[in-house]
Amino acid sequence: MSLVRNVGTIGSLTLLSRIFGFVRDMLLARALGAGLAADAWQLAFTLPNTFRRLFAEGAFSVAFVPMYTRRLHDSDGDGDLSSGPDARQQAADQFASDVLSVFVWVLLGFSAICMIAMPGIVWLLAREYQSVPGKFELAVVLSRVTFPYLALVSLVAMLSGVLNARSKFAPGAVVPVLLNIVMIGGILIGWNLRGDSGDDTIVAWALAISLALAGVAQLVYMIWASRRAGVRLKVTAPKFTPEVKRLGKLILPATFGAGIYQISQLVDTFFATSLPQGSLTLLKMADRLNQMPLGVFGIALGTAILPMLARHIQSGNAREAQRLQENAVEIATLLCLPCVVALAICAEAFTTGIFAGGKMTLEDTQLMGRIVIALVAGLPAYVLIKVFQPAFFSREDTKTPVFVAAGALTINIALNFWVVPRYGIVGLAGATAFTASLNVACLYTILQVRGWFHFSAKLAGRIIRQLAACAVMGAALWFMTPALEPWWSGDALGRIMALGALVAGGGIVFFAAAYVLGALDKDLIAQLKRKRAKS
C-alpha cells in the first residue's frame, strides 16, 4: 500500500510535468522545426540534462539515499536502534550537511571546467556541426549558457533525496513542473522577439537563458520545501569525514551503473550529429514520448522503492524485500506494457498530432514515428532497470551494475557502427533498445543467482495475463487508428479529440480486459476502495 501510494504521488506529479513538457515541445517544434538552431539547442539542452541524470539523480542519489536512510534509523551506524528520533534526525542532517559542503565545491569546479572546455566537448559530440556555417559556434555558446543548470539542479536532486528518505516525495516531483513552466515562457518570449525576422537563434537564446533561470527557481523552491519539512542543512568548510569518503567511493562506480541510459544518450548524440541535419532534434523529440511512461512509472517506482527497500534490507527482513520488489515489478509491467503496445501502434498518430505544424513538417513527424517504434521496444527494459538497480544500491553494492552496464554499452557502441550507416536514425534508436534489454536481463540473472530476488509463479502468471490484455487493447487500437487518421492529421481541435479518443479508448479496453483476465490484483483494488471509503 505504501509503495502504491508513493508511486501514485510521484507518478501523478510527474505526469503533470510531462503534460507541461509536451506543451513545451509542441511550441518548440513549431518555433524551430528540425533545423540548425533546433539541433544546436538540443545539444545544449542534452549536456546538462545528461550529466544531471547521470551524476545527481543517478549516481549521487542511489549512493546517498541509503546512507542517509541508515542515519535516520541508526544515528551511529553501528546497528543500535535505541537512539531517539531527534538524535537520529540530527545525525542524518549532519551527514547531509557534510556532503553538501563538499558537493557544492565539486559542482562549481566541474561546471567551470566544462564551460571553459565547451568547444572541445561539443567537438567530441558533434564535430559534424562544423560543416554547417554557424552551427558549431551556436551550439558552443548555448551550451555555455545552459551548463550552470547542472550545478543548480544537482543541489535540487540532493535535497529531493533527503526528503525522499523521509517519505516526502511530492516536492521532488514538483520541481520538473517549474522547469517546464519557465521554459514555456522562454519559448513564447523568444518567439515574440523573433517576430517576422525569421532568426531562429533568438528563440534558441531565449530557451538557453530560461533553462538557467528554471534551475534557480527549482533550487529556491526545494530550499523552502526542505525548511518546511524541518530539514536544517548548513554549508560549512569542506570536511572529508569517513562517511563522506565512503559516499565518494560508492558514487564512482554508481555513476556508470546507474547511468547506462544517460551514457547511451551521449553515445546516441554523437552518432545522431553525424546524420542529416535535424536528426538529433527528431531523436530527442521522439524520446519525449518514450520518456513519458519511463518518467511517470519507471522513475517513480525507482524513487519510491529505494528508501523502502533499504529499510527492509537493513533490518534483515528478506521476505518483505522480496514482496516489495514483486509489487514493484507487477506495477511496472501493468503500467508499462500497454504503453509499449499503444505507442508502437499509434506512433505516427502521436508524433503528427502533437508535433506537426509551423516549421515541423509532416515528413519529419513520420520519421519521428518510426524512431518512436524503435525506442519503445526497449521501454520495458528501461523501466525494469529502475526497479532492479535499487536491489543492488540498497545493499550499497554499486560495483555489480558497473560491469553489466560496461558490457551493454560496449555492445551498444559496436552495434551503432553497424546499424547507423545502414538504417540511419531509426537503427540508432533500435540499438539502444536492444542493449537496454540485455542490461536488464543480466541484472535479473544476477539478482536471482544471489538470492536477492526471483520471479514467483504468481508474478509470472500475472504478467502473462497483462500481455493478453495488451493484445486485446492492441487489436482495438489497430482498427481505431486508421479510422481516426483524418482527425489526428487535421486541425488542432480534431487532433486533440483523436488523440484523446485513442488514449481513452485504449485505456478503457486494456483495464477492462485486465480486470476480466485477472491481470489486476483484485485484493489490492479492494484495499484501495476500503481506504478511500474510510478517508
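Buried residues (those under 20% relative accessible area, with exposed meaning over 50% and partly exposed in between, for a 1.4 Å probe and protein chains only) make up 56% of the 535 residues in this predicted protein model. Residues are numbered from 1 along each chain as its sequence is written. Because the model is predicted, local features need pLDDT of at least 70 and side-chain atom pairs count only at pLDDT 80 or more, while totals for chains, interfaces and linings use all residues; side-chain values use heavy atoms, with hydrogens and water left out.

The fold has 20 helices and zero strands, where helices (H or I, at least four residues) and strands (E, at least two) are DSSP runs numbered from the N terminus. Among the contacts with a separation of 6 or more, 83% join residues 24 or more positions apart; a contact here means heavy atoms within 4.5 Å. The protein exposes about 22,000 Å², and carbon and sulfur atoms supply 67% of that area. Accessible areas come from the Shrake-Rupley method with a 1.4 Å probe, and for residues only the protein chains shown count as cover.

Next comes the largest pocket, which has a volume of about 1,000 Å³. Of the 32 residues that line this pocket, Phe-22, Met-292, Phe-350, Leu-499 and Val-503 are the closest to its centre. The search used a 1 Å grid over the protein atoms alone: a cavity is a set of points where a 1.4 Å probe fits but cannot get out, a pocket is an open set with protein on both sides within 12 Å along at least five of seven lines, and lining residues have an atom within 4 Å of a point. Grid points are joined across faces, edges and corners, and the volume is the space filled by probe spheres set on the points.

Six elements turn up in the lining with at least two residues each: α1 (2-32), α11 (279-314), α12 (318-345), α13 (347-355), α17 (457-483) and α19 (492-517). Of the helices, α19 gives the most, with eleven residues. By class, the lining holds 26 nonpolar, four polar and two charged residues. Ala, Val, Leu, Ile, Met, Phe, Trp, Tyr, Cys and Pro count as nonpolar, Asp, Glu, Lys and Arg as charged, and the others, Gly among them, as polar.

Ala-514 sits in α19 and is buried, with a relative accessible area of 0%. Leaving aside residues up to four places away in sequence, Ala-514 touches Ala-469, Ala-519 and Leu-520. Its C-alpha atom is 9.0 Å from that of Leu-467, 47 residues apart along the chain. Over in α11 is Asp-287, buried as well at a relative accessible area of 5%.

Helix lengths can be checked against an expected span, which is 1.5 Å times one less than the number of residues. For α5 (residues 135-146), twelve residues should span 16 Å, and the end C-alpha atoms are 16 Å apart, so the two agree. Buried residues of α5 include Lys-135, Phe-136 and Leu-138. The 25 residues of α7 (residues 170-194) should span 36 Å, which agrees with end C-alpha atoms 37 Å apart. Among the buried residues of α7 are Pro-171, Asn-180, Met-183 and Arg-194. Just after α7, Gly-195 takes a positive phi of about 60 degrees. In α8 (residues 200-228), 29 residues should span 42 Å, and the end C-alpha atoms are 42 Å apart, in agreement. Gly-230 follows α8, again with a positive phi, near 85 degrees.

Finally, helix α6 (residues 148-165) contains Pro-148, which is partly exposed at a relative accessible area of 29%. Pro-148 and Ala-212 are 64 residues apart along the chain, yet their C-alpha atoms are separated by 6.4 Å. Ala-151, also in α6, is buried, with a relative accessible area of 12%. Not counting residues up to four places away in sequence, Ala-151 touches Leu-107 and Ser-111. Ser-111 is 40 residues from Ala-151 in sequence and 6.8 Å away in space, C-alpha to C-alpha.
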